Amino acid sequence: WGGESLSEGADCSGFVLKVYEKFGVSLPHYSGSQRRCGSAVKGGLKNAQPGDLICYDGHVALYIGDGKIVHAASEKSGIKIGKANYQSILAIRRIFKNE
């Protein structure tokens, strides 16, 4: 917990933080705080775009399209791709506005 290293270990919000950092965007390191960043995406997954944050209760992931996310799932399974609706989604947040 609390890790931010893409090679040595990251928790879910640390993973999201580091990915966005690579694009020059600073995000807080806490999933609850990340849930307040950017702007809300209304209408659920059908309106999600790659790069959007998919926020769950105590967890955050990056949407990669086609109903899938990439996230720091657990210490055992590491960074993996999975279905975005594997648990109830609390919010979808857009950090970058597509023109």
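Lys18 and Glu21 form a salt bridge, their closest N and O atoms sitting 3.0 Å apart. The term covers a side-chain nitrogen of Lys or Arg within 4 Å of a carboxyl oxygen of Asp or Glu, and the count comes to 2 in this model. Both Lys18 and Glu21 lie in helix H1 (residues 12-21), 3 residues apart, or about one turn of the helix. Helices (H or I, at least four residues) and strands (E, at least two) are DSSP runs, numbered from the N terminus.

This is a predicted model, where local features need pLDDT of at least 70 and side-chain atom pairs count only at pLDDT 80 or more, while totals for chains, interfaces and linings use all residues. Residues are numbered from 1 along each chain as its sequence is written, and side-chain values use heavy atoms, with hydrogens and water left out.

The other bridge joins the side chains of Asp52 and Arg94 (2.8 Å, N to O). Asp52 is in the loop between S3 and S4 and Arg94 is in strand S8 (residues 91-94), so the pair ties together parts 42 residues apart in sequence.

| Residue | Relative accessible area | Class |
|---|---|---|
| Lys18 | 21% | partly exposed |
| Glu21 | 45% | partly exposed |
| Asp52 | 2% | buried |
| Arg94 | 16% | buried |

Gly43 also belongs to the loop between strand S3 (39-40) and strand S4 (53-56). With 42% relative accessibility, Gly43 is partly exposed. Gly43 and Ile92 are 49 residues apart in sequence, yet 9.2 Å apart in space, C-alpha to C-alpha.

Key
Buried means under 20% relative accessible area, exposed over 50%, partly exposed in between (1.4 Å probe, protein chains only).
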